Amino acid sequence: MSNDPTHQFLINKIVPIEIGGIDFSFTNASLFMVATVGAAAGFLYLTTSQRGLVPTRLQSVSEMSYEFIASMLREGAGNGGMKFFPMVFSLFMFILTANLLGMFPYFFTITSQIIVTFALALFVIGTVVFYGFYKHGFGFLKLFVPHGVPGVLLPLVVAIEIISFLSRPISLSVRLFANMLAGHITLKVFAGFVTSLSALGALGIGGAILPLIMTVAITGLEFLVCFLQAYVFAVLTCMYLNDAVHPGSH
Amino acid sequence: MFVTAAYAQQSTTTEGAEAHDAAAAGEVHTETGVAHEGEAGSGVFPPFDSTHFASQLLWLAITFGLFYLLMSKVIIPRIGGILETRHDRIAQDLDEASRLKGEADAAIASYEQELAAAKAKGHQIADGAREAAKSKAVADRNAVEADLSKKITAAEDRIADIKTKALADVGAIAEETATAVVKQLIGGTVTKAEIVAAVKASGN
């Protein structure tokens with residue numbers, strides 16, 4: 001294993017597949033996507049298989065995540081947004097599981113790939129735009145015209161609204177990607193200090209204690225970030241869906 | 001990590017080419033730079049390496065699509081069902097509990113009603129008994145009193161009778177005694193009429 005902190009983000013082909021000159025290989029990233037889906041779906045499926053009236057601990061974890069997302073979506077987008085519950089729930093569980101799986105040493109973190117987070121963000125914004133136009137027609141464009149803005153300022157405000165709308169997929173994807181990437185690099189760098197300082201002899205081993213403590217602390221912080229970023233992604237998805245359900249209400 | 005034979009071969013050839021270039025240029029690469037380029041096969045930062053974008057997108061679409069289907073067709077209806085069943089069951093239990101409470105309240109009310117009725121009846125019986133006893137006592141007393149007063153009257157009558165008779169006897173005795181006394185004292189005789197007159201004058 002290389003000491004290079006970006007080595008963990010390298011993609012390796014496991015099963016090379018090439019269709020029409022485009023590389024669709026099954027890579028380690030693909031493997032961990034499959035693992036994420038398997039772990040998340042397997043957990044939810046197995047813990048709820050008893051359908052207990054009185055839940056077991058693990059069943060109540062599944063129920064809590066269900067109710068957590070349901071209440072988040074109901075608060076964010078109202079009852080009209082509940083038709084997007086499967087989408088928000090899938091996104092949250094997928095990102096959370098992917099982030100947590102990435103915390104295992106030698107595991108690949110799929111949410112540290114900008115293309116993955118960008119695809120998920122585009123999926124969200126695409127749903128918002130598609131549903132917004134489907135439901136409200138051109139009324140969806142009221143989204144860019146806030147109420148009670150003086151006529152003089154209106155062009156400026158509309159321009160700002162459009163820019164902020166267009167930047168949403170970027171901010172949504174970069175936030176998740178950058179958090180996971182930076183966290184894992186930091187962790188790797190501090191862990192690297194431990195090994196390189198230890199190689200310097202007794203004094204170095206003494207000096208390695210500090211980065212070791214940092215590594216442990218950052219690991220704890222990273223678990224928090226894993227949950228928090230999945231939560232933030234889901235909350236923002238709910239807010240954006242609210243725009244699709246109720247355009248012009250803000 | 002997972003490195004296939006083909007990939008390893010590819011990277012070694014690139015590395016070889018790089019090393020050749022580096023030797024020609026005179027060691028311009030840093031150590032990390034060489035390792036980096038050797039492993040990635042290109043100089044870009046791995047997450048921005050666009051050569052894998054197509055494969056990532058395809059596999060993300062496959063896996064996330066499958067996950068979405070699983071969630072919306074299996075998991076969410078199942079958890080929703082569990083929660084709804086529990087909700088219904090709790091509501092049903094609450095209904096049952098309030099029904100039972102109503103029954104208990106009704107039972108308490110009817111019990112208290114019966115208790116009050118029984119108490120009233122008890123009072124009634126006691127009052128009746130007391131009244132009967134009282135009136136009987138009064139009647140008995142009256143009968144006894146009547147009896148007694150009758151006896152008293154009879155006794156008084158007899159006493160008066162005896163008294164009159166005794167008084168009458170007293171007059172006769174006094175006359176006889178007076179006759180005897182007078183005879184003894186004066187030796188003469190006094191007429192009966194005189195003695196009776198004298199007794200009457202002194203007596204009574």
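**Figure 1. Contact between helices H3(B) and H4(B) in the predicted model.** From H3(B), Gly171(B), Ala174(B), Glu175(B), Ala178(B) and Thr179(B) meet Ile195(B), Val196(B), Ala198(B) and Val199(B) of H4(B); two residues are in contact if their C-beta atoms, placed from the backbone, lie within 7 Å. By class, this contact has 6 nonpolar, 2 polar and 1 charged residues (Ala, Val, Leu, Ile, Met, Phe, Trp, Tyr, Cys and Pro count as nonpolar, Asp, Glu, Lys and Arg as charged, and the others, Gly among them, as polar). This is a predicted model, in which local features need pLDDT of at least 70 and side-chain atom pairs count only at pLDDT 80 or more, while totals for chains, interfaces and linings use all residues. Residues are numbered from 1 along each chain as its sequence is written, and chains are lettered from A and ligands numbered from 1 in the order in which they are written.

**Figure 2. Crossing of H3(B) and H4(B).** The axes of helix H3 (residues 53-186) and helix H4 (residues 192-202) of chain B come within 9 Å and cross at roughly 120°. Axes are lines fitted to C-alpha atoms, for helices over the stretch in contact, and angles run from 0 to 180 degrees between N-to-C directions. H3(B) and H4(B) are therefore oblique to each other (angles under 35 degrees count as roughly parallel, over 145 as roughly antiparallel, 65 to 115 as roughly perpendicular and the rest as oblique). Helices (H or I, at least four residues) and strands (E, at least two) are DSSP runs, numbered from the N terminus. Chain B has 4 helices and 0 strands.

**Figure 3. Side of chain B that touches chain A.** The contact takes 44 residues from chain B and 46 residues from chain A. On the chain B side, helix H1 (5-25), helix H2 (31-40) and H3 each supply at least two residues. H3(B) gives the most, with 26 residues. The chain B side divides into 29 nonpolar, 10 polar and 5 charged residues.

**Figure 4. Two loop residues of chain A with positive phi.** Arg51(A), not a glycine, has a positive phi of about 50° and lies in the loop between helix H1 (28-47) and helix H2 (57-77) of chain A. Arg51(A) counts as partly exposed because it has 13 C-beta neighbours inside 10 Å. Tyr106(A), also not a glycine, has a positive phi of about 70° and is found in the loop between helix H3 (85-101) and helix H4 (114-136) of chain A. With 7 C-beta neighbours inside 10 Å, Tyr106(A) counts as exposed. A residue is buried if 20 or more other C-beta atoms lie within 10 Å of its own, exposed if 12 or fewer, and partly exposed in between, with C-beta atoms placed from the backbone.
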